[in-house]
Amino acid sequence: MDHQVVIIGGGPSGLLLSQFLNRSGISTIILERSSRDHVLSRIRAGVLEWGSVEMLREAGVSARLDAEGIPHDGTLITDGDREIHIDFKALTGKQVMVYGQTEVTQDLYQAQDAMGTTIVHGVEDVVIDDLDAAEARVSYTRDGARHTLTCAYVAGCDGFHGVSRKTIPEARRREFERVYPFGWLGILSRTPPVNDELIYANSEHGFALASMRNPNLVRYYVQVPLSDRPEDWSDDRFWTEFKRRIPADAAARLVTGPSIEKSIAPLRSFVSEPLRWGRMFLVGDAAHIVPPTGAKGLNLAVSDVHYLHEALVKALKQGDDSGIDDYSARALDRIWKAMRFSWQMTMMLHRFDDEDGFAAQMRRATLAHLASSEAAQRDLAENYVGLPF
Ligand code: RFL
Ligand code: PHB
């Protein structure tokens with residue numbers, strides 16, 4: 001057998017799984033379609049649950065995270081000029097950490113290099129076979145040559161558009177999906193954050209989010225129609241729209257500047273079951289997508305890795321298959337709770353152009369209840385800081 005575990009995809013899921021497995025003495029190879037520079041150029045997530053921070057510490061990749069990450073004790077949810085402060089620390093005793101996915105990925109690549117693990121970039125046409133045989137087979141093309149590897153297990157960490165999930169016969173997969181009628185336009189700008197904490201803003205003009213990466217780099221978003229393209233949004237148009245959606249006191253102190261990145265992401269909820277198919281396991285975005293409103297995508301990838309690492313160590317080191325038999329059910333239990341939370345946050349905070357009067361009143365009442373009920377705030381805080389693994 002060439003490797004104990006072949007990992008398809010070198011994003012956060014694949015890298016973190018490889019990091020844990022190699023530290024446990026299990027041999028891996030990562031097959032990644034893109035270049036390292038391309039993987040590191042994706043902006044994406046910004047908020048880590050404390051459980052994710054602890055996982056990264058356990059993986060030995062937290063030196064920079066501990067030095068440069070910004071712990072947040074709470075967040076602001078706003079509805080026009082009404083401000084609802086959700087105090088995570090007081091309500092749950094926990095915090096979250098603001099630290100970009102790009103940084104997490106960079107730290108993981110560096111740690112993998114230091115350990116001397118194998119990461120092959122530029123692979124094409126990955127085909128996964130023999131998942132019900134004694135050894136699984138993974139073939140791929142690189143620089144025009146075809147290669148085949150044998151392994152005990154395959155980890156499908158290749159994101160929503162990867163090949164792993166599609167290797168499971170369609171008739172044996174169950175997919176659940178909700179596509180939302182809008183996207184998020186995000187910009188990065190070298191300006192100071194408008195607020196110490198994130199602002200999730202509902203307004204009559206639609207949703208906006210004020211996030212950050214460091215004291216002089218912000219990540220701001222506005223809800224846009226799915227038909228919009230980044231070229232439709234000049235910086236001026238973005239700032240004008242963003243200001244209209246956040247509370248007036250925040251808009252008055254907002255510092256604007258040129259954007260250094262601008263992109264649009266559609267919003268989707270998606271789960272594919274099961275997460276195990278013979279010798280293959282799905283991890284992270286390969287199996288599930290959440291709308292970014294709850295900041296759960298990367299954090300779910302981390303909890304999947306937690307469950308799968310534990311299961312693979314049991315199977316490969318102790319000959320005990322109970323962990324791999326339970327992986328799908330165990331991970332899905334937590335995934336569905338995060339799905340529910342992300343859906344609820346998305347429904348509560350966005351403008352739905354086609355919504356009827358009743359739906360609009362439900363959204364208003366949800367926000368009014370959140371403003372006046374500590375129990376509702378605690379429920380939100382408990383989910384936002386992350387449910388236990
Ligand atoms: P990734 O990051 O998509 O990585 C998959 C990797 O697999 C490679 N690949 C293949 N390799 C070989 N063969 C193939 N056939 C392949 N097909 C694909 C790809 O090149 C890629 O490198 O999935 P992974 O590792 O599961 O990580 C998931 C996270 O990236 C994702 O959940 C988060 O970014 C989601 N997300 C957020 N999550 C949070 O926890 N907190 C946040 O604040 C947050 N904000 C966000 C987000 C995602 C966003 N977008 C753009 C979707 C904000 C946004 C705007
Ligand atoms: C981000 O900083 O990119 C970010 C933060 C919180 C979210 C989504 C994205 O809910």
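This is a predicted model: local features need pLDDT of at least 70, side-chain atom pairs count only at pLDDT 80 or more; totals for chains, interfaces and linings use all residues.
Colleague: How are two packed helices described, and at what angle do helix α1 and helix α6 pack?

Modeller: Two packed helices are described by the angle between their axes and by the distance between those axes. In this model, helix α1 (residues 12–23) and helix α6 (residues 101–115) pack at an angle of about 35 degrees, and their axes are 10 Å apart. The crossing of α1 and α6 is left-handed.

Colleague: Which residues of α1 and α6 make the contact?

Modeller: On the side of α1 they include P12, L15, L16 and Q19, while on the side of α6 they include T105, L108, Y109 and M115. Sorted by class, the contact of α1 with α6 has seven nonpolar, six polar and one charged residues.

Colleague: Is Q377 buried or exposed?

Modeller: A residue counts as buried under 20% relative accessible area, and Q377 is buried because its relative accessible area is 13%. Q377 has its place in helix α13 (residues 374–385), and, leaving aside residues up to four places away in sequence, Q377 touches I84, H85, I86, L91, L370 and A371.

Colleague: How many residues surround ligand 2, and which are the closest?

Modeller: Ligand 2 is surrounded by 14 residues, of which the closest are Y200, S211, R213, Y221 and P292. A polar side-chain atom of Y200 lies 2.7 Å from an oxygen atom of ligand 2, and a side-chain N or O atom of Y221 is 2.6 Å from an oxygen atom of ligand 2. For A295, a backbone N or O atom lies 3.4 Å from an oxygen atom of ligand 2.

Note on methods
Residues are numbered from 1 along each chain as its sequence is written. Chains are lettered from A and ligands numbered from 1 in the order in which they are written. Side-chain values use heavy atoms; hydrogens and water are left out. Helices (H or I, at least four residues) and strands (E, at least two) are DSSP runs, numbered from the N terminus. Buried means under 20% relative accessible area, exposed over 50%, partly exposed in between (1.4 Å probe, protein chains only). Contact means heavy atoms within 4.5 Å. Axes are lines fitted to C-alpha atoms, for helices over the stretch in contact, and angles run from 0 to 180 degrees between N-to-C directions. A crossing is left-handed if the near helix is turned anticlockwise from the far one by less than a right angle, and right-handed if clockwise. Ala, Val, Leu, Ile, Met, Phe, Trp, Tyr, Cys and Pro count as nonpolar, Asp, Glu, Lys and Arg as charged, and the others, Gly among them, as polar. A residue is near a molecule or strand if one of its heavy atoms lies within 4 Å of it. A polar contact is a pair of N or O atoms within 3.5 Å; within protein, one must be able to donate a hydrogen and the other to accept it, and residues adjacent in sequence count only if both atoms are side-chain atoms.
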